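This report describes how the strands of a predicted model pair with one another.

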Amino acid sequence: MYPGHSVLQVPVPPLEEYVRGRTAHYDPSYLGVGPAYVHAHVTALGPFVDELTEDVERRVAAVAAETEPFDFVLERIGRFPDGMLHLLPEPDEGFRKLTARLVAEFPGFPPYAGRFDAIPHLTLDQVSVEVTVESTLALLDGMLPTSCRAERLDLAWYQPDSSRIVRSWRLG
């Protein structure tokens with residue numbers, strides 16, 4: 001079994017139905033439990049800690065408190081070199097600042113374990129024979145553009161049959 005990992009993420013409830021549906025399609029064992037769990041998100045920092053200690057909780061709370069809520073729009077679709085389709089938040093400055101604050105506080109946890117650039121995005125799907133940019137946009141018809149507000153930072157735990165929200169902090 002794949003070991004679990006945590007991610008600090010900003011939930012994006014307006015796209016929850018779509019992202020939850022894609023998660024169920026690919027691997028329903030990663031469907032989160034509990035009413036607070038939002039599959040649609042923009043990652044702020046991950047992978048993150050294996051255990052939420054009092055010290056880590058205090059430090060994340062301080063970063064969340066110093067980060068004012070911010071507005072963004074999701075409309076433009078992007079494609080990473082590996083074929084992952086995603087939406088790009090515009091403006092993305094709020095996400096970049098939040099990630100920079102978290103990295104400064106937790107330098108031992110570089111974004112994506114240092115494997116990829118920290119480009120703010122909301123993952124949609126993976127290109128395949130059945131999935132294209134055009135087919136994804138067609139499924140999102142009527143949902144874009146989506147105006148959103150980042151108001152919360154969640155610590156989510158991802159593990160088959162055990163994905164859940166560990167803790168949430170209000171921004172500002």
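## Strand 1 and its two partners

Strand 1 pairs with strand 7, which covers residues 152–158, in the antiparallel sense over five bridges. Within this pairing, Leu-8 has Leu-155 of strand 7 as its bridge partner. Strand 1 also runs antiparallel to strand 2, residues 41–45, and four bridges join these two strands; here Leu-8 stands opposite Leu-45 of strand 2.

## Burial of strand 1

Strand 1 spans residues 5–11, and six of its seven residues are buried, so the strand is largely enclosed by the rest of the structure. Buried is taken here to mean a relative accessible area under 20%.

An open sheet of four strands, paired in the antiparallel sense, has the order 5-4-3-6. Its edge strands are strand 5, residues 122–126, and strand 6, residues 146–150, each of which pairs on one side only. On average, and with direction ignored, neighbouring strands of this sheet are turned by 35° against each other.

Within the order 5-4-3-6, strand 3, made up of residues 70–79, and strand 4, made up of residues 84–90, are joined by six bridges in the antiparallel sense. In this pairing Leu-74 stands opposite Pro-89, which belongs to strand 4.

Key. Residues numbered from 1 in each chain as written. Predicted model: local features only at pLDDT ≥ 70, side-chain atom pairs only at ≥ 80, totals over all residues. Heavy atoms only, no water. Buried < 20%, exposed > 50% of the residue type's maximum accessible area, 1.4 Å probe, protein only. Pairing = 2+ DSSP bridges. Axes fitted to C-alpha atoms, helices over the stretch in contact; angles between N-to-C directions.
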